[in-house]
Structure formats: structure tokens, C-alpha cells
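Please find below my notes on the model under review. They are set out as numbered points for discussion.

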Amino acid sequence: MIGESVKRFEDERLLTGGGRYTGDHEAPGQAYAVFVRSPHAHAKLLGIDAAAARAMPGVLGIFSAAELAEAGIDGLPGGVGARAAEHPNRDGSMMADPPLPVLAGDRVRHVGELVAVVIAGTEDQARDAAEAVAIDFDPLPSATDPAGATADGAPELWSEAPHNLIFDYGSGDEAATSAALEAAAHVVTLAVVNNRLSISFMEPRAALGRYDQATGAYDLVVGCQSVHGIARSLTQLLGAAPGSVRVLSPDVGGAFGARSVLYPEYAVVLFAAKRLGRPVKWTGGRDEEFQAS
């Protein structure tokens with residue numbers, strides 16, 4: 001087949017409405033998750049009042065970082081360890097590896113960060129209850145561009161990354177390059193401003209989590225680009241037995257690299273499925289994708 005055109009086999013099915021994406025998957029008795037997200041780029045999280053939401057129709061559970069901590073679920077596993085030795089900072093140090101919580105604990109660090117999740121019998125019930133969760137934020141200063149974020153006195157997000165600088169990589173002969181520039185007849189500098197972008201999938205991210213109480217096995221249905229990598233990360237995060245986490249990727253509906261990693265929503269639906277003893281499904285909205293993908 002090398003050098004030959006390979007005919008596509010999926011087009012007719014997809015173009016005639018036969019696609020089956022994550023949102024098309026259902027499980028008997030499934031509940032629905034809706035996330036409560038931070039409206040602030042940077043803030044202290046002083047408290048969560050979910051009493052009114054818990055009393056609303058159909059609500060099965062409302063969970064925050066405290067419940068995940070009780071289950072031994074902390075920060076998402078990072079990839080720094082595998083990359084740092086191969087690509088150290090210019091001074092030889094390793095890049096910073098701050099923790100990324102599944103649900104925010106004492107602080108939020110971006111708009112759209114997960115603070116709590118509401119699980120209910122229907123998606124409408126979960127959404128209504130999520131709007132009733134009251135969160136006490138104390139807004140903090142934020143930085144919104146790279147130059148401002150690395151300036152002296154800029155608000156720092158992580159103590160592990162002073163001046164918000166996590167990685168300082170160089171390649172080649174810096175001294176020789178500097179000498180050549182100093183000796184050059186003309187030196188041109190150019191400031192390039194790269195526009196912001198948002199990866200917009202045809203189907204926004206969604207996830208269906210299942211847990212088998214008898215075997216301790218997890219199933220996650222999610223459109224992704226790395227079923228084995230996400231399964232390994234979830235196994236580590238959930239403290240599950242090796243081989244007990246299976247990730248199933250149906251038709252994806254666009255990826256562009258952004259579906260290759262473990263997102264916190266995926267861990268939460270599996271946690272909730274185990275906690276409640278029934279499958280849990282989350283379907284992200286376009287607004288959530290703009291904030292958090």
C-alpha cells in the first residue's frame with residue numbers, strides 16, 4: 001500500500017447521518033452531570049453553599065474537591081517527568097510541575113475552571129441545581145498576556161513557577177549567535193502578535209462513565225485521540241488496578257490535538273459513577289469549550 005491512495009471507508013456512513021458520537025451513547029439508568037465553573041480568571045475560593053441545590057428535584061449528589069480528596073483523587077498526572085530530563089531549562093534546572101486539581105480547592109486560576117459538579121436524574125434538573133450552587137469568591141489580580149504575566153510584580157498563579165515562567169528552553173550556540181548579531185551591519189527586530197484561538201469541535205467534548213461494583217472496572221466513552229494514554233492517566237489518578245480502566249472512543253467529530261489529553265471532567269464522571277452506583281454522562285456546551293478546552 002506504500003505510495004498508493006487508500007480509499008476512505010467511513011464517508012457514506014457519516015455523510016448520511018450514520019455517525020455515532022459520544023453524545024449518541026446511552027447507558028441504562030444513567031444520571032447527568034453539569035459542572036459549576038469559575039467566572040473569574042483568578043480568585044480565592046472561600047466557600048461553597050450547595051444546601052439549596054441539594055434539595056432540588058432529581059439531585060443525586062453534589063461534589064467538590066473535598067469529596068474527591070476523601071476518595072484519594074488529587075491532581076491530574078502531568079507529563080513533565082517524561083519531558084524534563086530530555087529538555088531542561090537553559091540553566092539546567094527542570095521545568096516546574098505545579099499540580100492541576102481535578103476540582104478547584106482553595107483557588108481558581110482560569111475562567112471556566114471546575115469548582116463543583118451536580119449529578120441529577122435529568123440534564124435539566126442538573127443544570128437547574130448547578131445554577132443554585134452559591135460560591136463565595138474573593139477575586140484576585142490576573143494577567144492576561146505573556147509579556148505582562150512575566151513582568152516584575154505580576155500576579156503569580158503557582159508558587160512553583162516564579163514570574164509565571166514554567167519553561168525556558170534554548171537551542172544552539174547562544175554566545176556565537178549574540179556575537180554575530182553584535183557584528184552585523186543591520187539588525188532587524190520584529191514583534192509578532194499571535195491571535196487567540198479556540199478549538200471548536202463539531203461535537204463538543206462529552207463523556208459517559210461507568211463503574212462495575214463487582215469487578216472494580218471503569219469504562220469511559222469519550223471521543224479522543226489517545227485511548228491508551230488517557231486510560232493510563234486515569235488508572236494513576238483513580239488509584240485503580242492496572243488494566244481496570246478502559247477508554248472507548250467512538251466517532252470523534254474533530255480533534256485538532258486537543259482531544260489527546262486527560263481532562264478533569266473525565267475523571268469526575270468516573271468518580272461519580274462509582275460513588276452513585278450508576279452511569280454518569282456529561283455533555284459539554286459550546287460555551288464550556290471556549291472556556292476550558
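**Notes on pockets, salt bridges and backbone**

1. Among the elements lining the second largest pocket, E1 makes the largest contribution, five residues. Helices (H or I, at least four residues) and strands (E, at least two) are DSSP runs, numbered from the N terminus. At least two lining residues each come from strand E1 (31–37), helix H5 (123–132), strand E10 (280–283) and H10.

2. This is a predicted model, in which local features need pLDDT of at least 70, side-chain atom pairs count only at pLDDT 80 or more, and totals for chains, interfaces and linings use all residues. Residues are numbered from 1 along each chain as its sequence is written, and side-chain values use heavy atoms, with hydrogens and water left out.

3. The second largest pocket holds about 350 Å³ of space. A pocket is, on a 1 Å grid over the protein atoms alone, an open set of points where a 1.4 Å probe fits, with protein on both sides within 12 Å along at least five of seven lines; lining residues have an atom within 4 Å of a point. The volume is the space filled by probe spheres set on the points, which are joined across faces, edges and corners. Of its 18 lining residues, Val-34, Phe-35, Val-36, Arg-37 and Arg-127 lie nearest the centre of the second largest pocket. The lining comprises nine nonpolar, three polar and six charged residues, where Ala, Val, Leu, Ile, Met, Phe, Trp, Tyr, Cys and Pro count as nonpolar, Asp, Glu, Lys and Arg as charged, and the others, Gly among them, as polar.

4. The largest pocket has a volume of about 1700 Å³. It is lined by 50 residues, and Leu-100, Arg-109, His-110, Trp-158 and Ile-166 are the closest to its centre. Two or more lining residues come from each of helix H4 (80–84), helix H8 (227–238), helix H9 (264–276) and helix H10 (286–292). By class, 29 of the lining residues are nonpolar, 14 polar and seven charged.

5. Ile-166 also belongs to a nonpolar surface patch with Phe-167 and Tyr-169, with about 270 Å² of accessible area together. Such a patch joins nonpolar side chains (Val, Leu, Ile, Met, Phe, Trp, Tyr) within 5 Å, from residues with over 30% relative accessible area and no salt bridge. Areas come from the Shrake-Rupley method with a 1.4 Å probe. Ile-166 lies in the loop between helix H6 (146–149) and helix H7 (174–183). Its relative accessibility is 38%, so Ile-166 counts as partly exposed; buried means under 20%, exposed over 50%, and partly exposed in between.

6. How many salt bridges does the structure hold? There are 13, each defined as a side-chain nitrogen of Lys or Arg within 4 Å of a carboxyl oxygen of Asp or Glu. Glu-174 and Arg-90 form one of them, at 3.0 Å from N to O. Because Glu-174 lies in helix H7 and Arg-90 in the loop between H4 and strand E4 (107–108), the pair ties together parts that are 84 residues apart in sequence. Asp-219 pairs with Arg-210 at 3.6 Å between the closest N and O atoms; Asp-219 is buried at 16% relative accessible area, whereas Arg-210 is partly exposed at 26%. A salt-bridge network links Arg-37, Arg-205, Glu-265, Glu-288 and Glu-289.

7. Asn-164, in the loop between H6 and H7, has a positive phi near 60 degrees. Phe-256, in the loop between strand E9 (245–248) and H9, has a positive phi of about 60 degrees. Most residues other than glycine have a negative phi.

Definitions and conventions. Patches are made of residues with over 30% relative accessible area and no salt bridge: like charges are joined within 9 Å, nonpolar side chains (Val, Leu, Ile, Met, Phe, Trp, Tyr) within 5 Å. Buried means under 20% relative accessible area, exposed over 50%, partly exposed in between (1.4 Å probe, protein chains only).
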